[in-house]
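Reader: I am new to this structure and would like to know what stands behind each label attached to it. Could you set every label against its definition as we go?

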Amino acid sequence: MHAAGAFWPWSVGAGAPAVGPVIGSHLVTHAPVSFGLLNWFRRGFITAPVAFVLGLNGYGKSSFVRK
């Protein structure tokens with residue numbers, strides 16, 4: 001399972017800040033994609049520490065959130 005595949009077709013660009021744990025790789029450039037909800041909030045990249053994770057059963061949503 002590739003966590004970044006969950007964002008397709010809205011994958012994070014390679015120029016996104018590398019703050020937080022690596023959650024996968026960019027679908028085109030294969031560069032590492034990082035995302036840490038609280039880290040991004042503390043640095044002002046996002047205005048509220050809120051996320052919504054949606055997926056089918058058994059695809060690692062809980063593991064992704066704990067990562």
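Author: Two strands are said to pair if DSSP finds at least two bridges between them; helices (H or I, at least four residues) and strands (E, at least two) are themselves DSSP runs, numbered from the N terminus. This is a predicted model, in which local features need pLDDT of at least 70 and side-chain atom pairs count only at pLDDT 80 or more, while totals for chains, interfaces and linings use all residues. Residues are numbered from 1 along each chain as its sequence is written, and side-chain values use heavy atoms, with hydrogens and water left out.

Reader: Why are strand 1 and strand 2 called paired?

Author: Strand 1 (residues 22–25) and strand 2 are joined over three bridges in the antiparallel sense, and the definition asks for at least two bridges, so the two strands count as a pair. One of the bridges links S25 to P32 in strand 2. The two strands form a hairpin with six residues between them, and the protein as a whole follows the pattern β-β-α-α along its sequence.

Reader: What makes H30 exposed, partly exposed or buried?

Author: Buried means under 20% relative accessible area, exposed over 50%, and partly exposed in between, with a 1.4 Å probe and protein chains only. H30 has a relative accessible area of 60%, and therefore it is exposed. H30 is found in the loop between strand 1 and strand 2, and it has a positive phi of about 60 degrees although it is not a glycine.

Reader: How do you know whether S34 is buried or exposed?

Author: S34, which is found in strand 2 (residues 32–34), has a relative accessibility of 8%, so it counts as buried. Contact means heavy atoms within 4.5 Å, and, leaving aside neighbours within four places in sequence, S34 is in contact with several residues, including P17, V22, I23 and W40. Across the protein, buried residues make up 13% of the 67 residues.

Reader: Why is the pair of F35 and W40 called edge-to-face?

Author: Rings of Phe, Tyr and Trp (its six-membered ring) pair if their centres lie within 6.5 Å, and planes under 30 degrees apart count as stacked, over 60 as edge-to-face and the rest as tilted. By this rule the count comes to two aromatic pairs. In the pair of F35 and W40 the distance is 4.9 Å centre to centre and the angle is 75 degrees between the planes, so the pair is edge-to-face. W40 and F45 form the other pair, at 5.8 Å centre to centre with 80 degrees between the planes, and it is therefore edge-to-face as well. F35, W40 and F45 form one aromatic cluster.

Reader: What is the mean confidence in the protein, and where is it lowest and highest?

Author: The predictor's confidence in each residue is the pLDDT, from 0 to 100. The protein has a mean pLDDT of 77, and 75% of its residues reach 70 or more. Confidence is lowest in helix 2 (residues 61–66), at a mean of 82, and highest in helix 1 (residues 37–42), at 88. Where pLDDT is low, the predicted coordinates should not be read in detail.
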